[in-house]
Amino acid sequence: MRVLVVYASAAGSTAGIAEWITGALMARGHEVELRSVEEVTGVADYDAFVIGSAVHDKAWLPAAADFLAQNRRTLCGKPVWLFSVGLPGALRGPLRRWAMLEETDILAELLRDVTPVEHRLFTGVITPSTFGKFGALLFRAMGGRFGDFRDWAEMERWSESIADVLAEQKS
Ligand SMILES: Cc1cc2nc3c(=O)[nH]c(=O)nc-3n(C[C@H](O)[C@H](O)[C@H](O)COP(=O)(O)O)c2cc1C
């Protein structure tokens, strides 16, 4: 099975996650190609998809949302995994749980185009420059932290579960 990993990233953390998932699936013997949404020239030759985007204002980046809408017919009937990269993991306690609720809003838009096997909301890299000066102050006041919150152990477990489904479909 040929797997396409597609991503849209504004500042690089989603690209890093997509790259990591690609490596993890390849390490488990799958044929995988990695492309940014801008680089994809066609989807017909692939049997399965892992598609991810950075989250801005509780939604995927427009290029990634457009990619889903434009390819919905091809994606329909093929296994598709989706992931979103936001900031909930940079918050703590109740605020973190509140931030995780955005998954419902993000998914509502995506589900118009695809029925994924699964969707995951990850946290990316958050720096003071992510939100600008005022936004960074507000974020700190809410107890937000800056740093690289990508949880590679979580990616590993998720990639493993994807690889298992792909292996089942192959046999
Ligand atoms: C303009 C802007 C809006 C954002 N809005 C959200 C949001 O609504 N929800 C969220 O979880 N993260 C939000 N973020 C945080 C990003 O999703 C986060 O920085 C992520 O790591 C970006 O991924 P990237 O490095 O691939 O661009 C926003 C960031 C920016 C710059």
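**Entry 1: the ligand shell**

I began with the ligand and found 20 residues around it, of which Ser-9, Ala-11, Ser-13, Thr-14 and Glu-102 come nearest; a residue is counted as near if one of its heavy atoms lies within 4 Å. I note that this is a predicted model, in which local features need pLDDT of at least 70 and side-chain atom pairs count only at pLDDT 80 or more, while totals for chains, interfaces and linings use all residues. Residues are numbered from 1 along each chain as its sequence is written, and side-chain values use heavy atoms, with hydrogens and water left out.

I sorted the shell by class and got nine nonpolar, eight polar and three charged residues, with Ala, Val, Leu, Ile, Met, Phe, Trp, Tyr, Cys and Pro taken as nonpolar, Asp, Glu, Lys and Arg as charged, and the others, Gly among them, as polar. By element, α1 (13-27), β3 (48-56), β5 (80-86) and β7 (125-126) each supply at least two shell residues, and β3 gives the most, with three; helices (H or I, at least four residues) and strands (E, at least two) are DSSP runs numbered from the N terminus.

**Entry 2: backbone atoms facing the ligand**

I then looked up distances from the backbone to the ligand. A backbone N or O atom of Ala-10 lies 2.9 Å from a ligand oxygen, a polar backbone atom of Val-55 is 2.7 Å from an oxygen atom of the ligand, and a backbone N or O atom of Asp-57 lies 2.9 Å from a ligand nitrogen. The protein covers 84% of the 640 Å² of accessible area that the ligand has on its own, computed by the Shrake-Rupley method with a 1.4 Å probe.

**Entry 3: the largest pocket**

Where does the ligand sit? I found the ligand in the largest pocket, where sitting requires more than half of its atoms to lie within 2 Å of the grid points. A pocket here is an open set of points on a 1 Å grid over the protein atoms alone, where a 1.4 Å probe fits, with protein on both sides within 12 Å along at least five of seven lines, and lining residues have an atom within 4 Å of a point.

The volume of the largest pocket is about 780 Å³. Of its 30 lining residues, Val-55, Gly-86, Leu-87, Thr-130 and Phe-131 are the closest to the centre. I noted that α6 (128-141) gives the most to this lining, with five residues.

Key. A polar contact is a pair of N or O atoms within 3.5 Å; within protein, one must be able to donate a hydrogen and the other to accept it, and residues adjacent in sequence count only if both atoms are side-chain atoms. Grid points are joined across faces, edges and corners, and a volume is the space filled by probe spheres set on the points.
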